[in-house]
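This report describes the ligand surroundings and the domain interface of one protein model. The sequence and structure are shown first.

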Amino acid sequence: MAKKFHSVVIGGGCLGIASAVSISRHLKRVNKDPSSVCLIDKRVLGGGLTARHSGIVRSANADPYAAKLAKIAADMWLNVKHIWDVELEADRFGAIWIAKKDKHGTNKKWDKLESEMRKLGVRFNKIPFDDALKLVPDFVKVNEDEVFYYEPDALQYDPAEVRRALYEAVKRSQISLMEKTEVLGFKKNSLDKISEVITSVGSFECENVINAAGAWSPTIFAKLGLAIPVSVEPVYVVNWLTSLAEKNVAMPIIADYVNRAYFRSWRDGEIHMHQPRKRAIQETSTAFAENPLAMLGADFINDPSNQAIGYSQTRVYEDISKKRFANVAQTVFSSGYRSFFDITPDLRFILGPDPKINNLCHCLGSGQAFKFAPALGEMMAEFVVDKGPLCEIGNKFSISRFDNDFMENFWKRVSGTQHSLEIEGASL
Ligand SMILES: Cc1cc2nc3c(=O)[nH]c(=O)nc-3n(C[C@H](O)[C@H](O)[C@H](O)COP(=O)(O)OP(=O)(O)OC[C@H]3O[C@@H](n4cnc5c(N)ncnc54)[C@H](O)[C@@H]3O)c2cc1C
């Protein structure tokens, strides 16, 4: 007979791991079997897009619900021992956002964001040029025609340490971990529930299924007749090796909207950079028009052998970096790779119960999931174990919004005159 689990979590990225650990811990709290959670990944834990994140945790976000959730998540990161029963240290040098001054000497959009963040308790404040100068190392160029906002509570993690901690959390919470196991399909019962998850090593009965398969979701859930509107957008990463003698000041994260790039200090004396997700609807829409996942699935584009970065792309990044860093011209290309953001048409999460399959809950990140991981894990536990306040935020990101006219209107906006997703500042 098939083994039965309270919850089967599909996908062992940061969201799947966080979900499985939280569900297991919540089950224990209500005197149920914590080992009744199965976490399945077709490869290894943290081997999907989670292998590529920059370890940045920050809260300012133009979507108020995402900002609220990010603030909750940032507080959880600082208290992660309580959530995952593991120790994790973060660098706490904050983040500086930089934009060109408009003709009024400010950035109206970010001024508005500043006042909205204040209402949510997110510290995101405009700072004068002289303060910005003091916050960054000597080799970072800041200019009088730029405007600066400071988010002091932004955190930087070492992704390798996070991955080790997540493995430890899985071990401690007694989850049934199934790496190198592929979910191939499902059996559905007459109540529109998934009764069995069919995998490459056999079938498992389950009460609940969590979809944390990110960019792979469309292929997996097409077998249930569900259309999950997730696609991928390429992004390149470069790490520059700099002189350790120059690293005289701790460097905050630099969210450089003048040159459209994020920078942070990385491992041992490197500057890590990549560009943000595209925001204009016409750019975002190409990911859905081409629909690369429909043909070959995220496997093709996420294959490790398909992730090299070319010379010309490195030069583009070098040109961008030289505008912000005085020391990059004499520096060394250390490493670089291509990766992908998993994006939805409106660049927002897909969270919570599926309206068509009664025991399926989605947990997809929309290109910026790492920072939310502990909060989304707790949210999934609240959805399937003991309803709580995070469910209310999760319901704001329900997949049901893509029903009816959403995609039709999306394509109308692509061909129309209003091209903004109004989500500038929803970043990383
Ligand atoms: C360059 C870059 C930098 C980033 N920096 C940041 C950052 O600083 N901060 C931040 O918050 N976010 C950042 N992100 C975003 C972040 O990396 C992703 O949003 C996040 O890792 C997605 O996690 P996930 O768990 O949803 O998906 P994934 O990590 O992609 O996990 C999905 C898993 O599903 C598994 N899977 C697929 N199909 C099956 C199947 N059939 N059966 C079983 N398992 C299956 C895959 O193997 C994979 O492990 C960055 C992204 C990139 C590309």
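## Ligand surroundings

The ligand is surrounded by 36 residues, and the closest are Asp41, Thr50, Ser54, Val183 and Lys371; a residue is counted here if one of its heavy atoms lies within 4 Å of the ligand. The model is predicted, so that local features need pLDDT of at least 70 and side-chain atom pairs count only at pLDDT 80 or more, while totals for chains, interfaces and linings use all residues. Residues are numbered from 1 along each chain as its sequence is written, and side-chain values use heavy atoms, with hydrogens and water left out.

A polar backbone atom of Val183 is 2.9 Å from a nitrogen atom of the ligand. For Cys14, a polar backbone atom is 3.2 Å from a ligand oxygen atom, and a backbone N or O atom of Phe370 also lies 3.2 Å from an oxygen atom of the ligand.

## Domain division

An automatic or database assignment provides the domain bounds. Domain 1 comprises 3-84 + 159-230 + 346-415, and domain 2 comprises 95-155 + 232-343. Their centres, taken over C-alpha atoms, are 27 Å apart.

## Domain interface

Contact (heavy atoms within 4.5 Å) involves 41 residues of domain 1 and 45 residues of domain 2. The area buried between the two domains is about 3,600 Å², with carbon and sulfur atoms giving 61% of it; buried area is the accessible area (1.4 Å probe) that two parts lose on being put together, summed over both. Of the area that domain 1 buries against domain 2, Arg52, Arg58 and Leu347 supply 20%, more than any other three residues.

Eight residue pairs, both members at pLDDT 80 or more, are in polar contact between the domains. Such a contact is a pair of N or O atoms within 3.5 Å; within protein, one must be able to donate a hydrogen and the other to accept it, and residues adjacent in sequence count only if both atoms are side-chain atoms. On the side of domain 1 that touches domain 2, the elements that give two or more residues include strand S3 (56-57) and helix H2 (64-78). H2 provides the largest share, seven residues.

## Salt bridges

A salt bridge is a side-chain nitrogen of Lys or Arg within 4 Å of a carboxyl oxygen of Asp or Glu, and the count by this rule is 22. One salt bridge is counted between domain 1 and domain 2. Arg58 pairs with Glu151, their closest N and O atoms being 4.0 Å apart.

Note on methods. Helices (H or I, at least four residues) and strands (E, at least two) are DSSP runs, numbered from the N terminus.
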